[in-house]
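Open the model in your viewer and keep the selection tool ready. This tour goes stop by stop, saying what to pick and what is there.

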Amino acid sequence: MSTATPHIDMAMADSLTACEWARRLNVSPSTVTRWALSGELEHVRIGKQIRVSPEAMETLLRNRTESRQRQHKPNAGAKAQSAAHSAEIDAELAEI
């Protein structure tokens, strides 16, 4: 008589729980859980436990970093407007 062992997907074999990722990233476990439940972080649920592969976490962190960089990078139009506005102020100050 043999007992069946559950199949473990090799991609998930090195996955970590939300709490383990939270410790590694110095964030709250609820933050990792929120990323997973919002669909932002690919994950697998095993019972009540959320497990995340290193690849999925890397993808999330890369996407979040790129998003922040785009948000903080002024566009060329804004730079041109700012330069034009500065020139106007400089011209007005020169007249005084």
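Which helix does Pro 54 lie in? Select Pro 54 and look: the residue lies in helix 3. Keep in mind throughout that this is a predicted model.

**The whole chain**

Colour by secondary structure. The protein has four helices and three strands. Read from the N terminus, the order of elements is β-α-α-β-β-α-α. Now colour by accessibility. Of the 96 residues in the protein, 20% are buried. Contacts also reach along the chain. Take those between residues at least 6 apart in sequence: 48% of them join residues at least 24 apart.

**Stop 1: Pro 54**

Return to Pro 54 in helix 3. Is Pro 54 buried, partly exposed or exposed? Its relative accessible area is 26%, so Pro 54 is partly exposed. Now show what surrounds it. Beyond neighbours within four places in sequence, Pro 54 is in contact with Asp 14, Ser 15 and Trp 21. Draw a distance from Pro 54 to Asp 14. The two are 40 residues apart in sequence, yet 7.4 Å apart from C-alpha to C-alpha.

**Stop 2: Ser 15**

Next, select Ser 15. Look for it in the segment before strand 1 (16-17). With a relative accessibility of 3%, Ser 15 counts as buried, the cut-off being under 20%. Which residues does Ser 15 contact, leaving aside neighbours within four places in sequence? They are Arg 51, Val 52, Ser 53 and Pro 54.

**Stop 3: Ser 53**

Step to Ser 53, one of those partners of Ser 15. Ser 53 sits in the loop between strand 3 (49-52) and helix 3 (54-72). Its relative accessibility is 11%, so Ser 53 counts as buried. Show side chains and the backbone of Ala 56. A polar atom of the Ser 53 side chain lies 3.0 Å from the backbone nitrogen of Ala 56.

**Stop 4: the helix pair**

Select residues 18-25, which form helix 1, and residues 29-37, which form helix 2. Two packed helices are described by the angle between their axes and the distance between the axes. How do the axes of helix 1 and helix 2 cross, and within what distance do they come? They come within 8 Å and cross at roughly 120°. The crossing is right-handed.

Now show the side chains where the two helices meet. From helix 1, pick Ala 18, Cys 19, Trp 21, Ala 22 and Leu 25. From helix 2, pick Pro 29, Val 32, Thr 33 and Trp 35. The residues of this contact comprise eight nonpolar, one polar and no charged.

**Stop 5: the loop between them**

Select Asn 26, in the loop between helix 1 and helix 2. Most residues other than glycine have a negative phi. What is the phi of Asn 26? It is positive, about 60°, although Asn 26 is not a glycine. Asn 26 counts as exposed, because its relative accessibility is 72%.

**Stop 6: Thr 33**

Go on to Thr 33 in helix 2. A relative accessible area of 24% makes Thr 33 partly exposed. Away from neighbours within four places in sequence, Thr 33 is in contact with Ala 18 and Ile 50. Thr 33 and Cys 19 are 14 residues apart in sequence, and their C-alpha atoms are 8.8 Å apart.

**Stop 7: Arg 45**

Select Arg 45, placed in strand 2 (residues 44-46). Arg 45 counts as partly exposed, at 46% relative accessibility. Not counting residues up to four places away in sequence, Arg 45 touches Leu 37 and Ile 50. From Arg 45 to Thr 17 is 28 residues in sequence and 9.6 Å in space, C-alpha to C-alpha.

**Last stop: the core**

In soluble globular proteins, nonpolar side chains tend to be buried together. How many residues does the largest nonpolar core have? It has 13. Select the ones with the most contacts inside it: Trp 21, Val 32, Trp 35, Leu 41, Val 52, Met 57 and Leu 60. Helix 1, helix 2, strand 3 and helix 3 each supply at least two residues of this core.

Apart from neighbours within four places in sequence, Met 57 is in contact with Trp 21, Leu 25, Val 32, Trp 35, Leu 41 and Val 52.

Definitions and conventions: Residues numbered from 1 in each chain as written. Predicted model: local features only at pLDDT ≥ 70, side-chain atom pairs only at ≥ 80, totals over all residues. Heavy atoms only, no water. Axes fitted to C-alpha atoms, helices over the stretch in contact; angles between N-to-C directions. Left-handed = near helix turned anticlockwise from the far one by under 90°. Contact = heavy atoms within 4.5 Å. Nonpolar A, V, L, I, M, F, W, Y, C, P; charged D, E, K, R; others polar. Buried < 20%, exposed > 50% of the residue type's maximum accessible area, 1.4 Å probe, protein only. Polar contact = N/O pair within 3.5 Å; in protein donor to acceptor, adjacent residues only side chain to side chain. Core = buried A, V, L, I, M, F, W, Y, C linked by side-chain atoms within 4.5 Å.
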